[in-house]
Amino acid sequence: MFQDFMARGLYKTIDFLHKTGIEIPNVQLNLSKEEYLSITFYNLKEYKKVYYFLLCPESSNFKEEIVFCKCCSNLKIYLRNYSLYKSKGCVRGYNKEYSNMGRGFKESDDPTYNNTPNNPTYSNNTPHPSTIIKLSLNNDPFLLFLEGIFTSNYKLLLQSIHLNPFFWEAYLFLINLTDLNNVDLLNLDTPLSDYFYMTLFVTKSITRKFKMIDNYKNLLGAVYYHKREFNKSEEIFKEITNQSFFNLDYIDLYSNILYINKDPEILILAQRCLDLNKYRPETLCCIANYYSLNNDHLKAIDYYQMVIKINPNYFIIYTLLGNEYLEEKEIKKAIKSYNEGIKKCNEDYKSWYNLGRAYENLSMNETALFFF
């Protein structure tokens, strides 16, 4: 299992499994010279180089298209197609919209597309799929994963997960395609399904039953935060940050709690995050919270905007940014920011409430009452 993840550069999966306490074994990759070189280029983010390096006679007939050929190993097919996908700028983390690839695709070309807004096969926020040439059929979980993300088809991602229930990156893409229309159709029951529903709750405020697993404490703290059990969340994050080195995942939520409590510890947290990784959005958010607490709202705005550039779908930031605009009496910008947050997560009550506050500042009380 871990050999498959390592060979395909699925480091987010390996990292996540480590965070949940799963022991990572010693891994030896038994690969050909061509596969080793491909993985090297892939890890160096030389995606076009990987793609052309792995072109075979069959895929050469359909250049710049997704081709599942008969002549290559599953690993080569995966690396070639995913590299093409990434070279198009389709993936910069798991929260951005996917770009179209291929040529000449129409909705009517796909027999599963029924042209209704409630069709669960596709997310409303993602473009329609590209041309895919399937010269062979294969139940490899990683190839099903690729086809699932290329076509925004959550059913293929589910198949991939059922074939390899520890494939966390498939869960992450599935979260992108999950909404209130299709969440009850998932019926996930795997070793990672509770983590999936916890992450879904934290990232999209979609609530379904899950066990509160404490192996991954950062995620547990985030769940308590979004359940508004701030004391429990603070206790967990305090335990995490008492270590000399700690995981930055969701640590910005701890900073939010310190901000609410006007705790001077917020400066120490920001400094420690800065020492660990100054480019993480969580770090930038902690710094922004510190400046906001010290009434330096313009600097806070700058840092929140940097967070949005890195992770434009992180809905909480739009609320925090809108709050800073309110402090600066830039009501129109605040309203725009809150609306962006609602677009990212329609269930985020804070954006709705603060939108009401913004209209109240404009003396538009009836409109404000609607949002309240």
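Predicted model: local features only at pLDDT ≥ 70, side-chain atom pairs only at ≥ 80, totals over all residues.
Biologist: Which residues make the contact?

Modeller: From α14 come Ile-266, Leu-267, Leu-269, Ala-270, Cys-273 and Leu-274. From α15 come Thr-283, Cys-286, Ile-287, Asn-289, Tyr-290 and Leu-293.

Biologist: What makes up this contact of α14 with α15, by class?

Modeller: It has 10 nonpolar residues, two polar and no charged ones.

Biologist: Take α7 and α8. What makes α7 roughly antiparallel to α8?

Modeller: Helix α7 (residues 141–151) and helix α8 (residues 154–163) pack at about 160°, with axes 8 Å apart. The cut-off is over 145 degrees. That makes α7 roughly antiparallel to α8. The crossing of α7 and α8 is left-handed.

Biologist: Which residues meet there?

Modeller: In α7 they are Pro-141, Leu-144, Phe-145, Glu-147, Gly-148, Ile-149 and Thr-151. In α8 they are Leu-156, Leu-157, Gln-159, Ser-160 and Leu-163. By class, the contact of α7 with α8 has seven nonpolar residues, four polar and one charged.

Biologist: Now α2. Which of its residues are buried?

Modeller: In helix α2 (residues 11–19), Thr-13, Ile-14, Phe-16 and Leu-17 are buried.

Biologist: How do you know that the buried residues line one face of the helix?

Modeller: Look down the axis of α2. Its buried residues fall within an arc of 165°, so they line one face. They pack against α1 (2–7), α9 (168–177) and α10 (193–204).

Biologist: Why does Thr-13 count as buried?

Modeller: Buried means under 20% relative accessible area. Thr-13, in helix α2, is at 0%, so Thr-13 counts as buried.

Biologist: What does Thr-13 contact, leaving aside neighbours within four places in sequence?

Modeller: Thr-13 touches Phe-5, Phe-166, Phe-167, Trp-168 and Glu-169.

Biologist: And Thr-199. Why is Thr-199 called buried?

Modeller: The limit is under 20%. Thr-199 has a relative accessible area of 6%, so Thr-199 is buried. Thr-199 is found in helix α10. Leaving aside neighbours within four places in sequence, Thr-199 is in contact with Trp-168, Ile-175, Lys-204, Leu-219 and Tyr-250.

Biologist: Where does Leu-29 sit, and why does Leu-29 count as partly exposed?

Modeller: Leu-29 is in the loop between α2 and α3 (33–43). Buried is under 20%, exposed is over 50%, and partly exposed is in between. Leu-29 is at 24%, so Leu-29 counts as partly exposed. Its contacts, leaving aside neighbours within four places in sequence, are Gln-3, Met-6, Ala-7 and Tyr-36. The C-alpha atoms of Leu-29 and Phe-2 are 9.7 Å apart, and these residues are 27 apart along the chain.

Biologist: Where are Arg-228 and Lys-329?

Modeller: Arg-228 is in the loop between α11 (217–226) and α12 (230–241). Lys-329 lies in the loop between α17 (315–327) and α18 (331–344).

Biologist: How do you know whether Arg-228 is buried or exposed?

Modeller: Exposed means over 50%. Arg-228 has a relative accessible area of 54%, so Arg-228 is exposed. Lys-329 is at 63%, so Lys-329 counts as exposed too.

Biologist: How many helices and strands does the protein have?

Modeller: There are 20 helices and two strands. Of the 372 residues, 52% count as buried. Among contacts between residues at least 6 apart in sequence, 53% join residues at least 24 apart.

Terms used. Residues numbered from 1 in each chain as written. Heavy atoms only, no water. Contact = heavy atoms within 4.5 Å. Helix = DSSP H or I, 4+ residues; strand = E, 2+ residues; numbered from the N terminus. Nonpolar A, V, L, I, M, F, W, Y, C, P; charged D, E, K, R; others polar. Buried < 20%, exposed > 50% of the residue type's maximum accessible area, 1.4 Å probe, protein only. Arc of directions from axis to C-beta. Axes fitted to C-alpha atoms, helices over the stretch in contact; angles between N-to-C directions. Parallel < 35°, antiparallel > 145°, perpendicular 65-115°, else oblique. Left-handed = near helix turned anticlockwise from the far one by under 90°.
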